[in-house]
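Visitor: I would like to learn how to read a few features from a set of coordinates. Please take them one at a time.

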Amino acid sequence: MGFPDTRFNVNLSILFTELPLLERPAAARAAGFTAVELWWPWVDAPVPEQAELDALRDALDDAGTRLVGLNFYAGQLPGPDRGALSIPGEESEKFRANVPVAIEFATSLGCTTFNALYGNRVEGVAPEEQDRLALENLAFAARAVAEVDGTLIIEALNAPESPKCPIVSAPKAIEVVDAVNAATGLDNARFLMDLYHLSMNGEDLDEVIDRYTDKTAHVQIADNPGRGAPGTGELDFDALLDRLKKAGYDGWIGLEYKPGEAPSASSFAWLPAPLRAAP
């Protein structure tokens with residue numbers, strides 16, 4: 001494969017998970033990568049102890065890895081949850097409590113891109129009520145992110161694997177992006193284009209790229225079927241990433257795939273070592 005001008009980063013919440021969290025940045029660097037992203041690492045603690053935050057910051061700094069994306073608290077992820085901000089009660093409160101903590105942590109590492117996962121539908125609560133709460137929380141997060149000149153990204157998941165999540169198509173995610181920007185007037189909400197999820201939904205990836213690249217601030221990839229490394233499925237990443245580039249995208253491409261049974265470091269054979277460090 002090519003990609004000489006593409007900026008790749010590794011998601012340390014799905015790759016290198018055979019290692020403890022604090023060892024993953026160094027492992028990514030040893031594999032040749034200089035940029036990483038993370039889901040919120042403390043699934044039970046939207047506000048972890050300062051010592052835990054400091055230890056992860058030190059691990060990233062010591063490894064020489066740049067943090068380029070961070071999820072806000074999203075419940076049990078990986079696990080049954082798909083976000084917290086649309087869920088009334090304790091989960092919504094946890095999301096709000098996490099926002100300033102996540103922003104302070106990320107910005108101390110130079111990261112200003114934040115993924116806010118919507119959340120599953122909840123039985124006994126009207127969808128309209130959940131959507132109102134979600135918009136309130138997303139606007140809250142967008143305003144907080146704006147204080148650090150940051151970007152709030154909204155991701156479309158896939159219906160087969162996340163049947164209770166209402167954000168399972170590119171058009172729906174764009175609808176939410178537009179609603180947040182209209183509510184705040186800040187224009188700092190953007191689309192997270194995960195090509196694996198969109199492919200699982202059966203969406204036309206070429207059409208998605210052509211229509212929505214101008215509203216996209218981050219891209220993630222995994223092959224389909226299987227959510228493995230590029231080359232293990234049927235997606236043509238040479239063509240897809242070239243199309244993104246021609247559409248004007250020059251941001252990060254997050255590697256958010258499952259490495260399989262072998263150690264994560266062995267899953268990067270598809271990407272020549274000289275192309276792993278971000279240009």
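Visitor: Which residues does Glu256 touch, not counting residues up to four places away in sequence?

Guide: This is a predicted model, and contact here means heavy atoms within 4.5 Å. Under that rule Glu256 touches Asn11, Ile14, Trp39, Glu155, Asp194, Gln220, Ile221, Ala222 and Arg227, with residues up to four places away in sequence left out. As for its place in the chain, Glu256 sits in the segment after strand 8 (252-255).

Visitor: Is Glu256 buried or exposed?

Guide: The cut-off for buried is under 20% relative accessible area. Glu256 has 3% relative accessibility, so it counts as buried.

Visitor: Which residues does the UniProt annotation "active site" cover?

Guide: An annotation comes from a record, and it may be inferred rather than shown by experiment. In the unreviewed UniProt entry, "active site" covers Glu155 and Glu256. They are spread over 102 residues of sequence, yet they cluster in space, with a largest C-alpha distance of 13.1 Å. Both Glu155 and Glu256 belong to the lining of the largest pocket.

Visitor: Where is Glu155 found among the strands?

Guide: Glu155 is in strand 5, which runs over residues 151-155. Four of the five residues of strand 5 are buried, which leaves the strand mostly covered.

Visitor: In which sense do strand 4 and strand 5 pair?

Guide: Two strands count as paired when DSSP finds at least two bridges between them. Strand 4, residues 113-115, pairs with strand 5 in the parallel sense over three bridges.

Visitor: Over how many bridges do strand 5 and strand 6 pair?

Guide: Strand 5 and strand 6 pair over four bridges, in the parallel sense. Within strand 6, Leu192 stands opposite Glu155. Strand 6 covers residues 189-194 and is largely enclosed by the rest of the structure, because five of its six residues are buried.

Visitor: Now a helix: where is Ser199 found, and what is it in contact with beyond its neighbours within four places in sequence?

Guide: Ser199 is found in helix 6, residues 195-200. Leaving out neighbours within four places in sequence, Ser199 is in contact with Leu205, Asn224 and Leu235. Its relative accessible area is 15%, so Ser199 is buried.

Visitor: How many disulfides are there?

Guide: A disulfide is a covalent bond between the sulfur atoms of two cysteines. The rule asks for a pair of cysteine sulfur atoms within 2.5 Å, and by it the count is zero. Cys111 is buried at 1% relative accessibility, and Cys165 is buried at 5%.

Visitor: Where does UniProt place the feature "domain: Xylose isomerase-like TIM barrel"?

Guide: The unreviewed UniProt entry places that feature at residues 26-271. In the model, this span is 39% helix and 14% strand, and its end C-alpha atoms lie 19 Å apart.

Definitions and conventions: Residues are numbered from 1 along each chain as its sequence is written. This is a predicted model: local features need pLDDT of at least 70, side-chain atom pairs count only at pLDDT 80 or more; totals for chains, interfaces and linings use all residues. Side-chain values use heavy atoms; hydrogens and water are left out. On a 1 Å grid over the protein atoms alone, a cavity is a set of points where a 1.4 Å probe fits but cannot get out, and a pocket is an open set with protein on both sides within 12 Å along at least five of seven lines; lining residues have an atom within 4 Å of a point. Helices (H or I, at least four residues) and strands (E, at least two) are DSSP runs, numbered from the N terminus. Buried means under 20% relative accessible area, exposed over 50%, partly exposed in between (1.4 Å probe, protein chains only).
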